[in-house]
Amino acid sequence: MSAVLITGATSGIGQQLALDYAKRGWRVIACGRNKESLAKLDEAYPNIETCEFDITDRVQTFNALRSLSLTPDLWLLNAGNCEYIDNGEMDSKLVERVFQTNVFGLTNIIEAIEPHLVSGHRVAVVSSIASELALPRAEAYGASKAAVGYIARSLRLDWRERGVEVSTIFPGFVDTPLTAKNTFPMPMLISVEQASEAIQKGLDKGQANIYFPKRFTWILRILGLLPYSWQHAVTGLLFRS
Ligand SMILES: NC(=O)c1ccc[n+]([C@@H]2O[C@H](COP(=O)([O-])OP(=O)(O)OC[C@H]3O[C@@H](n4cnc5c(N)ncnc54)[C@H](OP(=O)(O)O)[C@@H]3O)[C@@H](O)[C@H]2O)c1
């Protein structure tokens, strides 16, 4: 039986992925901090077990991953946080919080799982399509997800010889508690069920880069190829807060 470890499984995309993989008969290790959500996942399926830790706490992360009851063959590193910079007023504490979770939390986990990785394993890292071009108010979030994408693509090169595959996931807008606080229109917003299906399909096919929803992410990727001055003109119009 295949096994998957999912971080950020207590809410949104990660929670849907945990339920969907369990439905498919995979053994699931669902990770997060929220005790209530973890307990609900534990009860939902006999093949889900839970693991509580804060990814920004290096010691907690290492202890939790040292004591796993099974070795997953898929490691889905999805936990993340989003905060926006308002009115272009830099807030270094906010930037630090976002990077603490999205970048340093991620590297904590990567370091902690590394001893478990063997040939045939896949590590999937959730970045964002926001990493592909500069968007308004995304000085912290977009930059953190650009770092996430870079880390994943570098690891893909470094782990190839060990037979460990790395996939990077680039979602567009998905309806979750993270986006519920957005006050701007979110073009081509999709549900967590659709997001989970796109991620599973991409991973089943062994894709290195998984973009969804297709049309929206293609538009942003093409915009990302334009000269910066053209990008700024278009994104300024499309993503007014
Ligand atoms: N929704 C979108 O439109 C969208 C688009 C692009 C990319 N993404 C990315 O997709 C991923 C999931 O997002 P989502 O929309 O599903 O968000 P969400 O519903 O807010 O879920 C975020 C998850 O991350 C976990 N998490 C956050 N900080 C953590 C920490 N310090 N330690 C451990 N777990 C932590 C949360 O668990 P606890 O609170 O239990 O700790 C929660 O399960 C994120 O990386 C996000 O950046 C989302």
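This is a predicted model: local features need pLDDT of at least 70, side-chain atom pairs count only at pLDDT 80 or more; totals for chains, interfaces and linings use all residues.
Q: What makes Asn-34 a cap for the N-terminal end of α2?
A: A side-chain oxygen of Asn-34 lies 3.1 Å from the backbone nitrogen of Glu-36. A polar contact is a pair of N or O atoms within 3.5 Å; within protein, one must be able to donate a hydrogen and the other to accept it, and residues adjacent in sequence count only if both atoms are side-chain atoms. Residues are numbered from 1 along each chain as its sequence is written, and side-chain values use heavy atoms, with hydrogens and water left out.

Q: How do you know that the buried residues of α2 lie on the same side of the helix?
A: Helix α2 (residues 35–44) has Ser-37, Leu-38 and Leu-41 as its buried residues. They cover an arc of only 100° around the axis, so they share one side of α2. The arc is that of the directions from the helix axis to the C-beta atoms; helices (H or I, at least four residues) and strands (E, at least two) are DSSP runs, numbered from the N terminus. The face turned away from the buried side carries the exposed residues Lys-35, Glu-36, Lys-40 and Glu-43.

Q: What do the buried residues of α2 pack against?
A: Their partners are α1 (12–23), β2 (27–32) and β3 (48–52), where contact means heavy atoms within 4.5 Å.

Q: Why is Arg-137 called buried?
A: Buried means under 20% relative accessible area, exposed over 50%, and partly exposed in between (1.4 Å probe, protein chains only). Arg-137 has 18%, so it counts as buried. This residue is found in the loop between β5 and α5 and has a positive phi of about 70° although it is not a glycine.

Q: Is Asn-87 buried or exposed, and what makes it so?
A: Its relative accessibility is 68%, so Asn-87 counts as exposed. Asn-87 lies in the loop between β4 and α4, with phi near 55°, a positive value in a residue other than glycine.

Q: What makes the pairing of Glu-83 and Arg-97 a polar contact?
A: Their side chains come to 2.8 Å, so the pair is inside the polar cut-off. Glu-83 sits in the loop between β4 (74–77) and α4 (92–113). Not counting residues up to four places away in sequence, Glu-83 also touches others, including Leu-94, Val-98 and Tyr-141.

Q: Which polar backbone atoms lie by oxygen atoms of the ligand, and at what distances?
A: One is on Asn-34, at 2.7 Å; Gly-12 has a backbone N or O atom at 3.4 Å, and Gly-172 has a polar backbone atom at 3.4 Å. Taken alone the ligand exposes 880 Å², and the protein buries 91% of that; accessible areas come from the Shrake-Rupley method with a 1.4 Å probe, and for residues only the protein chains shown count as cover.

Q: What makes a set of residues a nonpolar core?
A: The members are buried Ala, Val, Leu, Ile, Met, Phe, Trp, Tyr and Cys residues joined through side-chain atoms within 4.5 Å. In the largest one, of 27 residues, Trp-75, Leu-77, Ile-113, Val-123 and Trp-159 touch the most other members. Helix α4 gives the most to this core, with five residues.
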